[in-house]
Amino acid sequence: MRTLTRRLILLAAMTTPFAAHLDANAQSNPQANPQANPQGWPAGTIKLVVPYPPGGSTDVIARLVQPCLQQRLGTNLIIENRAGASGSVGTAAVAKSPPDGGTWLMVFDNHAANPFVLPDLPYDTERDLDPVLFIGTAPYVVSTQAQKPFKTLADVIAAAKAKPGAVSYASVGSGSVGHLAMALLSKQAGVQLVHVPYRGGGPAMNDAVAGHVDLLVGSTALSIPQIQVGTIRGVVQTGKARTQTLGAVPTVAESGFPGFEAYAWWGVFAPAGTPKAIAGRFGAELTACVREDRVAKQLTDTQQVSLVLGGPDELRKFVGEQMRVWGAVAREQGIKAD
């Protein structure tokens with residue numbers, strides 16, 4: 001039975017929770033150390049599929065870790081943007097790929113909503129993909145043009161009650177988690193807000209800055225730069241606690257809706273049946289790359305991501321809970337993607 005090399009011992013120590021996972025595999029499976037056994041890793045180029053257009057947060061994260069992953073895995077890694085249908089086109093391609101470690105998937109939060117807002121999804125989210133790494137989460141921010149009168153969530157609710165259907169909000173698309181979160185909040189507040197879907201954060205932000213919509217629900221990465229220069233004002237954020245950069249912006253829970261939470265999140269999956277030793281190593285190496293100072297600073301400071309770096313079980317549990325929450329909202333309110 002092979003033992004872990006000194007390098008993997010050091011790696012495992014710095015990449016918990018994968019340490020226990022790798023150690024268990026090493027003791028029970030001689031393929032658990034792909035470096036010691038090159039046959040345990042696919043030869044040639046591997047690809048990390050981002051099922052969204054270039055420039056979004058998922059694409060940014062993938063390209064941040066790409067150089068480090070190539071070095072640590074000792075192979076060429078390409079980022080493939082395969083956008084379409086709220087990420088389901090690229091996700092379906094990965095789900096149908098050989099489970100040999102040659103193809104990986106990095107997704108955003110709408111991954112958990114797609115089964116409920118997209119008809120005839122060409123894969124089963126839980127059956128056809130194996131979770132690998134839960135990267136982290138970030139709250140959504142509800143913001144408004146700086147000249148608009150909405151300074152608090154109470155202001156928004158009062159205006160919507162005074163004139164039903166008069167207050168609008170932009171999101172990055174119908175059926176997105178931002179859309180579902182605002183639909184849930186509207187129901188809990190007993191108001192009718194008009195949803196204006198956009199195809200991406202850039203166009204939505206442009207119209208929010210111009211004042212064409214009253215509110216915007218967007219990720220921290222999208223919202224913070226404009227809040228910092230004063231073109232928009234943060235009204236409320238959807239996390240359990242306030243983020244450091246948005247310390248002056250209260251949470252929804254603080255604003256009269258205890259327990260309300262909604263998050264952007266990022267995770268990595270593999271085609272179902274990918275050997276655990278290969279998936280474990282990829283997750284461990286990716287964890288080490290995310291923890292590099294350059295990458296971690298970009299994610300935590302610029303995008304306000306709370307790094308989780310949880311293993312397969314943690315990601316599976318989290319996604320299951322997200323599917324439960326947003327699936328119920330989509331069904332109850334009849335929400336579908338465009």
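Leu129 is buried, with a relative accessible area of 2%, where buried means under 20% relative accessible area, exposed over 50% and partly exposed in between, using a 1.4 Å probe and protein chains only. This is a predicted model, in which local features need pLDDT of at least 70 and side-chain atom pairs count only at pLDDT 80 or more, while totals for chains, interfaces and linings use all residues. Residues are numbered from 1 along each chain as its sequence is written, and side-chain values use heavy atoms, with hydrogens and water left out. Here is a quick tour, starting with strand E4.

- Leu129 belongs to strand E4; helices (H or I, at least four residues) and strands (E, at least two) are DSSP runs, numbered from the N terminus.
- The C-alpha atoms of Leu129 and Ala272 are 4.4 Å apart in space, although 143 residues separate the two in sequence.
- Beyond its neighbours within four places in sequence, Leu129 is in contact (heavy atoms within 4.5 Å) with residues including Thr91, Val94, Leu105, His111, Phe269 and Ala272.
- Pro131 is also found in strand E4, which covers residues 129–145, and Pro131 is buried at a relative accessible area of 9%.
- Setting aside neighbours within four places in sequence, Pro131 is in contact with Val268, Phe269, Pro312, Leu315 and Arg316.

**Buried loop residues**

- His111 sits in the loop between strand E3 (103–107) and helix H5 (114–117), and its relative accessibility of 1% makes it buried.
- Not counting residues up to four places away in sequence, His111 touches Thr91, Thr125, Leu129, Trp265 and Phe269.
- Thr243 lies in the loop between strand E8 (232–237) and strand E9 (263–271), and Thr243 is buried with a relative accessible area of 11%.
- Apart from neighbours within four places in sequence, the contacts of Thr243 are Pro139, Gln237 and Gln304.

**The H8 and H9 pair**

- Two packed helices are described by the angle between their axes and the distance between the axes.
- Helix H8 (residues 201–210) and helix H9 (residues 220–229) have axes that come within 11 Å and cross at roughly 30°; axes are lines fitted to C-alpha atoms, for helices over the stretch in contact, with angles from 0 to 180 degrees between N-to-C directions.
- H8 and H9 are therefore roughly parallel to each other, a label for angles under 35 degrees, with over 145 counted as roughly antiparallel, 65 to 115 as roughly perpendicular and the rest as oblique.
- Gly201, Gly202, Met205 and Val209 of H8 make the contact with Leu222, Ser223 and Gln226 of H9.

**Positive phi values**

- Most residues other than glycine have a negative phi, and most peptide bonds are trans.
- Ala85 has a positive phi near 55°; Ala85 is in the loop between strand E2 (77–81) and helix H4 (88–95) and counts as partly exposed at 45% relative accessibility.
- Leu309, not a glycine, has a positive phi of about 50°; Leu309 lies in strand E10 (residues 306–310) and is buried at 3% relative accessibility.

**Whole protein**

- The secondary structure comes to twelve helices and ten strands.
- Of the 338 residues in the protein, 56% are buried.
- Among contacts between residues at least 6 apart in sequence, 79% join residues at least 24 apart.
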